Amino acid sequence: MEMRLVGIAILLGMADVLHAFAIMEKEDVFKKTPCPAFLMFDNAAYLADMSFELPCKCKPEEVTSVVWYFQKSMGSRQTKVLTDFDGTMFLDSGHIRVGSHMLKRFSIRMFSLIIFRAQVEDSGHYLCGTKEGDFFYGYDVDVQSSKAITVAFEDRNQHPQKDHTEEHFSVFTTFWDWTKCDRCGVRGEQWRIGLCYVKSAYLYPRYRTVPTDVVSCGSRSVPRRFQGTIRLRKPEVVIRSCLTPCVKRKGPEEGVLSISNLIAKVGQKPWLPKVPIQFHKQHLGSGLIIACPGARPEHAVAWDKDSTRLYRTSFLTGVNKSMRVFIDHGNHLHIRFTQLDDRGTYYCWREGQMVAGFRLSVRFQGDRKRTLDDPETRYAIKAILTSYVLITMVFVGIHISRCCYYAFRCTLLG
């Protein structure tokens with residue numbers, strides 16, 4: 001027993017040494033990387049709702065903590081300070097809500113800035129420096145929206161957008177690698193995200209690009225005279241079918257198996273879910289959004305209702321504008337105006353493995369006051385106004401047609 005404790009103490013001591021060595025290696029990186037004499041900006045592009053890290057790649061050796069600054073555009077007087085001046089702010093990405101303020105969605109770890117669930121409004125310049133206003137390193141971040149993303153299904157023989165070339169620049173899509181198959185053992189789907197990029201010899205020289213003369217479409221290095229045409233190009237995603245076997249999991253131990261057999265002999269064996277199940281009650285007619293635990297937009301996520309597969313070819317948002325149940329590009333499952341038929345268990349797959357289930361029950365709701373913030377109220381108002389406009393257009397069109405008919409008839413008779 002004493003020898004075992006001594007061995008544990010030695011392992012812990014070695015872990016401390018390795019941790020200290022890692023910190024020293026981190027410091028050596030800053031010694032080997034000199035800061036540029038003229039501040040440049042590295043271009044980086046991401047899709048909305050993704051999380052990303054911006055390392056401060058250089059700083060003077062005597063600087064022990066950094067301050068990150070955010071500017072929407074070059075030379076803007078409105079500069080946000082993204083630090084607590086100690087570099088000790090830590091956030092859990094699981095607690096970050098969509099659309100929350102940027103100052104609540106960042107963290108600084110080992111001089112690097114981490115932005116959780118980035119939004120289009122987060123696009124701009126990020127500068128690493130000190131609280132006195134000395135800048136060491138800069139980034140030109142372009143967060144591209146996923147609302148108007150272009151979707152292509154390879155199974156339907158659809159293809160990505162073609163490159164667009166003009167006299168002084170060309171616009172194209174750069175694709176990331178294919179995701180893992182979102183299901184195993186059955187037919188699944190996988191996709192790859194493509195972001196918009198532009199190639200031109202007329203980019204502003206203060207921005208560092210790799211390869212040369214190529215930046216993302218939302219970069220501040222693109223001249224304004226090009227941006228009108230470039231804004232028409234949207235990010236895209238290509239989806240295809242896939243099939244991958246499931247990884248064999250380790251079976252229950254012999255003792256657990258014998259106890260289960262004993263219970264089965266004594267009485268009926270209790271039902272054990274294959275994944276953790278959450279129970280949720282929803283009022284009839286209300287809206288619901290379900291998120292897969294631990295999933296991010298770049299993950300391969302799939303949804304099933306009981307034994308029915310909710311494939312993206314039929315349930316991806318934008319495929320059919322009248323869909324009541326759909327999956328958005330952030331991998332969330334939406335149910336609008338919940339009905340009794342929506343009752344059941346919704347299973348979530350993440351990176352090819354089923355990870356969670358949601359048992360949904362729908363119940364009637366008593367009388368309650370509606371407000372303008374309710375999705376049902378907004379939908380009803382929109383439907384009424386749309387119907388009113390259509391009826392008015394038909395009414396006016398009929399009378400204009402009659403007037404034109406009588407005027408033409410009078411002209412013939414005259």
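This is a predicted model: local features need pLDDT of at least 70, side-chain atom pairs count only at pLDDT 80 or more; totals for chains, interfaces and linings use all residues.
Residues are numbered from 1 along each chain as its sequence is written, and side-chain values use heavy atoms, with hydrogens and water left out.

The partner of Asp304 is Arg183: the two form a salt bridge, and their closest N and O atoms sit 2.9 Å apart. The pair ties together distant parts of the chain, 121 residues apart, with Arg183 in the loop between strand 11 (169-175) and strand 12, and Asp304 in strand 18 (residues 301-305). A salt bridge, for the record, is a side-chain nitrogen of Lys or Arg within 4 Å of a carboxyl oxygen of Asp or Glu. Helices (H or I, at least four residues) and strands (E, at least two) are DSSP runs, numbered from the N terminus. Arg183 is buried too, with a relative accessible area of 0%.

The structure holds six salt bridges. Arg296 and Glu298 make one of them, again with 2.9 Å between the closest N and O atoms. Both ends are partly exposed: Arg296 has a relative accessible area of 39%, and Glu298 comes in at 24%. Shared partners also join Asp182, Arg183, Asp304 and Arg309 into one salt-bridge network. In another pair, the side chains of Glu236 and Arg233 meet at 3.9 Å, N to O, and here both Glu236 and Arg233 are buried.

One cavity of 30 Å³ or more turns up in the structure, and the volume of the largest cavity is about 110 Å³. On a 1 Å grid over the protein atoms alone, a cavity is a set of points where a 1.4 Å probe fits but cannot get out, while a pocket is an open set with protein on both sides within 12 Å along at least five of seven lines; lining residues have an atom within 4 Å of a point. Grid points are joined across faces, edges and corners, and a volume is the space filled by probe spheres set on the points.

The lining of the largest cavity includes Leu47, Trp191, Ile239, Arg312, Asp328 and Asn331. Strand 12 (187-200) and strand 15 (236-243) each put in at least two lining residues. By class, the lining of this cavity has eight nonpolar, two polar and two charged residues, where Ala, Val, Leu, Ile, Met, Phe, Trp, Tyr, Cys and Pro count as nonpolar, Asp, Glu, Lys and Arg as charged, and the others, Gly among them, as polar.

Asn331 has a positive phi, near 75 degrees, despite being a residue other than glycine. Asn331 belongs to the loop between strand 20 (325-327) and strand 21 (333-335), and is buried, with a relative accessible area of 3%. Ile239 lies 10.0 Å from His159, C-alpha to C-alpha, although 80 residues separate the two in sequence. His159 falls in the loop between strand 9 (150-153) and strand 10 (164-165) and is exposed, at 60% relative accessibility.

The second largest pocket takes up about 680 Å³. It has 24 lining residues, and Asp142, Cys217, Gly218, Ser219 and Arg231 are the closest to its centre. Strand 8 (135-144) and helix 2 (224-230) each supply at least two residues of this pocket's lining, which splits into 10 nonpolar, seven polar and seven charged residues.

Asp213 is another non-glycine residue with a positive phi, of about 65 degrees. Asp213 sits in the loop between strand 13 (207-208) and strand 14 (214-216) and is partly exposed, at 28% relative accessibility.

Finally, the surface. Tyr388, Val389, Leu390 and Met393 form a nonpolar patch with about 460 Å² of accessible area together. Patches are made of residues with over 30% relative accessible area and no salt bridge, with like charges joined within 9 Å and nonpolar side chains (Val, Leu, Ile, Met, Phe, Trp, Tyr) within 5 Å. Accessible areas come from the Shrake-Rupley method with a 1.4 Å probe, and for residues only the protein chains shown count as cover. Val389 lies in helix 5 (residues 375-413) and is partly exposed, with a relative accessible area of 43%.

Notes:
Buried means under 20% relative accessible area, exposed over 50%, partly exposed in between (1.4 Å probe, protein chains only).
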